[in-house]
Amino acid sequence: MNSSKSRNLSLSERGLNFETLMWFFTRLSALAMYALILFGMIGALVMGARNQMNFADVMRWAFMPNVTHVQSTNVPDLAPWVSVFWKSVAGLLLLVASAHGVHGLVVIADDYIAGVNGRKVIRLLSIVMLVSVSAIGLYVIWTS
Amino acid sequence: MGLNRDVSLLTGLRYKGQGPMLTFVLHRIGGLGMGIFVTTHILASFLGGEAGAFLNAIYENWAFQIFIFFCALFHAINGLRITILDLFPKLIEHHREAIWIEWAVFLPTFGIAALVITMTALGG
């Protein structure tokens with residue numbers, strides 16, 4: 001049963017490279033997204049969502065605190081929901097989520113594309129995708 | 001360089017990875033589903049017009065909402081399990097029990113939500 005025991009190697013023994021950092025980032029960004037979504041839910045309740053929104057509407061807001069996600073609800077005053085503060089929170093969630101997601105796509109692609117050149121193409125495409133999705137998403141959030 | 005695993009799709013499908021393999025596959029499906037959904041959703045909001053309305057009509061469909069809720073909820077709960085086990089490696093000895101806890105959290109949460117979505121969609 002020794003094989004099931006965990007090993008604790010120090011960083012110098014394990015080696016620190018970009019993939020290790022991204023492995024760690026994937027875990028940390030998962031926790032960060034949990035925190036941001038919880039923050040959005042609490043924020044919605046503080047702004048009075050209990051009276052004008054159902055749970056699905058609160059979830060839609062929490063997963064991306066963007067004012068277009070509350071427009072179809074009975075919230076009478078959208079001003080607090082469209083503040084620079086919530087646009088920044090939405091922008092942060094977008095950047096964390098897109099970095100987490102695009103790196104996940106690279107991990108999946110690496111399982112099917114094993115050649116050196118193919119992996120270079122995947123990495124180039126992933127950088128293009130990350131930059132364009134982040135830019136378009138930030139534009140949508142800040143102009144809505 | 002390059003790896004040559006020399007494993008056919010059929011052999012891959014017959015791989016008996018059991019519970020951990022199932023969570024791995026579902027985590028991947030959930031991640032891909034959300035990646036495609038979120039990207040097209042952002043593009044639809046950016047484009048607007050007829051193309052945007054067409055894409056919005058797809059994800060406002062109740063069947064699609066059950067699918068995307070499955071993707072998001074499973075990916076989130078399974079991701080939390082992976083994060084906890086990876087950040088506290090001593091817990092890896094209990095990784096099978098962790099998967100059972102994961103299902104115990106996921107199945108009722110998803111089941112109730114899917115039931116409510118379906119009942120609302122069917123008018124009742």
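Q: How many helices and how many strands are there in chain A?
A: This is a predicted model, in which local features need pLDDT of at least 70 and side-chain atom pairs count only at pLDDT 80 or more, while totals for chains, interfaces and linings use all residues. Residues are numbered from 1 along each chain as its sequence is written, chains are lettered from A and ligands numbered from 1 in the order in which they are written, and side-chain values use heavy atoms, with hydrogens and water left out. Helices (H or I, at least four residues) and strands (E, at least two) are taken as DSSP runs numbered from the N terminus. Read along its sequence, chain A follows the pattern α-α-α-α-α-α, giving 6 helices and 0 strands.

Q: Is Glu102(B) buried or exposed?
A: Glu102(B) belongs to helix 5 of chain B, which covers residues 95–121. Beyond its neighbours within four places in sequence, Glu102(B) is in contact (heavy atoms within 4.5 Å) with Thr23(B), Phe74(B), Ile77(B), Asn78(B) and Arg81(B). Buried means under 20% relative accessible area, exposed over 50% and partly exposed in between, with a 1.4 Å probe and protein chains only. Because its relative accessible area is 4%, Glu102(B) is buried.

Q: Which three residues of chain B supply 25% of the area that this chain buries against chain A?
A: Buried area is the accessible area (1.4 Å probe) that two parts lose on being put together, summed over both. Here it is about 2,100 Å², with carbon and sulfur atoms giving 69%, and the contact takes 24 residues from chain B and 27 residues from chain A. The three that supply 25% of the area buried by chain B, more than any other three residues, are Arg28(B), Ile42(B) and Phe46(B).

Q: With which residues is Arg28(B) in contact, leaving aside its neighbours within four places in sequence?
A: Arg28(B) is placed in helix 2 of chain B, residues 18–47. With a relative accessibility of 15%, Arg28(B) counts as buried. Apart from those sequence neighbours, the contacts of Arg28(B) are with Val107(A), Ile108(A), Asp111(A) and Tyr112(A).
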